[in-house]
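Q: I have not looked at this one before. Can you take me through its pockets and one of its sheets?

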Amino acid sequence: MIKRRPASTRGHADYGWLETYHTFSCGDYNDPDFTGFRALRVINEDRVQPAMGLGTHAHQDMEILTWVLQGGLRNRDSRGHGSTIYPGELQRVTAGRGVSHSEFNVSRDDIVHFLQIWIDPNENGLEPESEQRRFTIHDRQGFMKLLASPDGRDGSVRIHQDVKLYTTMLTPGEEILTTLPEDRYGWIQVARGVVEINGVRLGEGDGAAISDEQSLHLRAPDHTEVLLFDLA
């Protein structure tokens with residue numbers, strides 16, 4: 001079964017410096033029908049105006065993944081660590097027992113467009129830490145590339161939960177076949193473009209919950225980028 005979450009039904013807020021869309025309940029947006037899916041708690045699609053950003057704020061007991069689609073996002077935390085995330089780079093922050101950080105658009109001319117994902121960890125009170133890896137277009141084109149996993153295999157970032165995150169980029173007419181193990185669940189999020197998954201058409205910003213579907217056939221009518229979560 002594939003249950004679509006249309007982009008147009010997401011939570012939305014525009015603060016001038018930030019425009020954000022919430023797939024699941026987050027902050028002031030509360031939707032009792034979409035409070036998360038399995039261990040997946042938040043998928044926010046954010047656009048931050050040039051030279052703007054979010055000042056120092058705190059997180060605790062959450063795995064935070066940031067995937068940039070356009071521009072560059074500078075991140076600095078209370079441990080003195082800082083980096084800039086560009087397209088094709090995934091950053092993982094384990095908030096653990098508590099960490100504060102800030103996030104700013106590095107450009108004075110262009111927006112930064114990114115997805116921020118929160119996943120419940122498998123235990124609370126972990127030591128705060130971060131990790132960032134780059135994945136080339138070649139790695140992702142026409143192939144389900146593993147970005148994050150519990151054991152960090154195949155060059156993925158390591159997350160403290162039984163979740164695997166994959167991505168692929170597809171050209172118009174391209175098709176791929178992937179699988180979900182038995183008794184696993186999936187969530188697919190369309191970062192850009194359009195994709196058909198087992199005949200269900202999803203547009204940009206759409207998401208979908210997947211259950212009882214071991215074989216997943218993806219076809220792209222357009223240039224497409226998707227994220228696929230494999231969840232316990």
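Q: Which residues line the second largest pocket?
A: This is a predicted model. In it, the lining of the second largest pocket consists of M1, K3, F24, D33, F34, T35, G36, F37, W187, A209, I210 and S211.

Q: How do those divide by class?
A: There are 7 nonpolar, 3 polar and 2 charged residues in that lining.

Q: And what volume does the second largest pocket have?
A: About 160 Å³.

Q: What about the largest pocket, what is its volume?
A: The largest pocket has about 460 Å³. Its lining has 23 residues, and L18, H22, N44, D46 and L54 are the ones nearest the centre. By class, 11 are nonpolar, 9 polar and 3 charged.

Q: Which strand gives the largest share of that lining?
A: Strand 5, with 4 residues. Strands that each supply at least two residues include strand 2 (11-14), strand 3 (18-22), strand 4 (40-48) and strand 11 (112-119).

Q: How many bridges join strand 18 to strand 21?
A: 2 bridges, between residues 195-197 of strand 18 and residues 215-219 of strand 21.

Q: Which residue does I197 stand opposite?
A: I197 faces L218 in strand 21.

Definitions and conventions. Residues numbered from 1 in each chain as written. Predicted model: local features only at pLDDT ≥ 70, side-chain atom pairs only at ≥ 80, totals over all residues. Heavy atoms only, no water. 1 Å grid on protein atoms, 1.4 Å probe; cavity = no way out; pocket = protein on both sides within 12 Å on 5 of 7 lines; lining within 4 Å. Points joined across faces, edges and corners; volume = space filled by probe spheres on them. Nonpolar A, V, L, I, M, F, W, Y, C, P; charged D, E, K, R; others polar. Pairing = 2+ DSSP bridges.
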